[in-house]
Amino acid sequence: MPEIDIVALGEPLVELNQTRAGEPQYQQGFGGDTSNAVIAAARQGARCAYLTRVGGDSFGAQLLELWKAEGVDTSGVEVDPDAHTGLYFVQHGPQGHSFSYLRRDSAASRMTPASLKGQLIERARYLHVSGISLAISTSACDTVFAAIERAHAAGVQVSLDSNLRLRLWPVDRARAILREALRQADLFLPSMDDMQHLTGNDDPERTLDWIRDAGATGVVVLKLGKDGSIIDDGHGRKPVAALRVEAVDATGAGDCFAGSLLARRCKGDSWEDAVRYANVAAALSTLGYGAVEPLPSAEQVQAKL
């Protein structure tokens, strides 16, 4: 049996989340898509580890404290004394939430394949990566593909979340690199919003067809937000309904979905049961502000199930 259920790779960030729309009041928290996902998984009882680089600043120290408090193995985290930890702001309005980032030359963006020290990947059941990790720098992109190669060599399954951020790269480059990455993924977790930018259509069935035509051979779970998810296992497609809630902040909901889904697969759930669980966890994560603080515990999710 693998010693670790999920090892995630990516960029952690410090979060300043607006608590009242239109007013300069912000609550400090933490974010970063794969960091959110691995914390969500740990709260569902999974054994988790994180691979990244943080700055030699107080924010980097706070992130290390956060992961340790959440039970996430930090032996794969490097501290870069010459770089800063990334930062982002979340603002809220009638059209939902918007993000502003201060991440250029962050410690995580300076990761290279040499940053993948130790045997965390080889000791895991899943490696979880994302489109953001592929986009933040050329060296980070190389690091993700090096991690995927090591995972496959060790028989570790690869999970990829699309997490498309067009501020980070042109859509043509994003499409080309994500196509290559999804071909190598055992589990692909695209959102419908992301895929609209990549495919130009808003139809879930056509989107899933595009993903298969692009070379995906693993399981695909298309995230539809408040409309739930669709599982495509290569043999058929199964919609799974969402839990309806009065959301206040959707920051990190997709990351919560990814981490919760992986955690339940590691517990032995079927794909349908794992996705149903992840839908509920993601919905509950929207009931508070911030990416990390509202992530539910396993007990909270089970109570709603």
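With which side chain does the side chain of Asp80 make a polar contact? In this predicted model, the partner is the side chain of Arg53, and the two side chains come to 3.0 Å. Asp80 is found in strand β5, which covers residues 72-80. Its relative accessibility is 4%, so Asp80 counts as buried, the cut-off for that label being under 20%. The side chain of Asp80 also reaches the backbone nitrogen of Asp82, at 2.8 Å. Beyond its neighbours within four places in sequence, Asp80 is in contact with Arg53, Val54, Gly55 and Gly56, and also with Ala107 and Arg110.

Attention may now turn to the pockets. The largest pocket has a volume of about 1500 Å³, and its lining is made up of 48 residues. Nearest its centre lie His97, Asp193, Ala250, Ala253 and Gly254. Two or more lining residues come from each of the helices α1 (33-43), α6 (192-199), α8 (253-266) and α9 (271-284), and from strand β7 (96-102). Of the elements, β7 gives the most to this lining, with five residues. By residue type, the lining of the largest pocket holds 19 nonpolar, 17 polar and twelve charged residues.

The second largest pocket has a volume of about 240 Å³. Sorted by type, the lining of the second largest pocket has six charged, four nonpolar and two polar residues.

In general, an α-helix has 3.6 residues a turn, so residues three or four places apart point the same way.

At the start of the helix, a side-chain oxygen of Asp203 reaches to within 3.3 Å of the backbone nitrogen of Glu205. Just after α7, Gly215 takes a positive phi of about 115 degrees.

Methods. Residues are numbered from 1 along each chain as its sequence is written. This is a predicted model: local features need pLDDT of at least 70, side-chain atom pairs count only at pLDDT 80 or more; totals for chains, interfaces and linings use all residues. Side-chain values use heavy atoms; hydrogens and water are left out. Helices (H or I, at least four residues) and strands (E, at least two) are DSSP runs, numbered from the N terminus. Buried means under 20% relative accessible area, exposed over 50%, partly exposed in between (1.4 Å probe, protein chains only). A polar contact is a pair of N or O atoms within 3.5 Å; within protein, one must be able to donate a hydrogen and the other to accept it, and residues adjacent in sequence count only if both atoms are side-chain atoms. Contact means heavy atoms within 4.5 Å. On a 1 Å grid over the protein atoms alone, a cavity is a set of points where a 1.4 Å probe fits but cannot get out, and a pocket is an open set with protein on both sides within 12 Å along at least five of seven lines; lining residues have an atom within 4 Å of a point. Grid points are joined across faces, edges and corners, and a volume is the space filled by probe spheres set on the points. Ala, Val, Leu, Ile, Met, Phe, Trp, Tyr, Cys and Pro count as nonpolar, Asp, Glu, Lys and Arg as charged, and the others, Gly among them, as polar.
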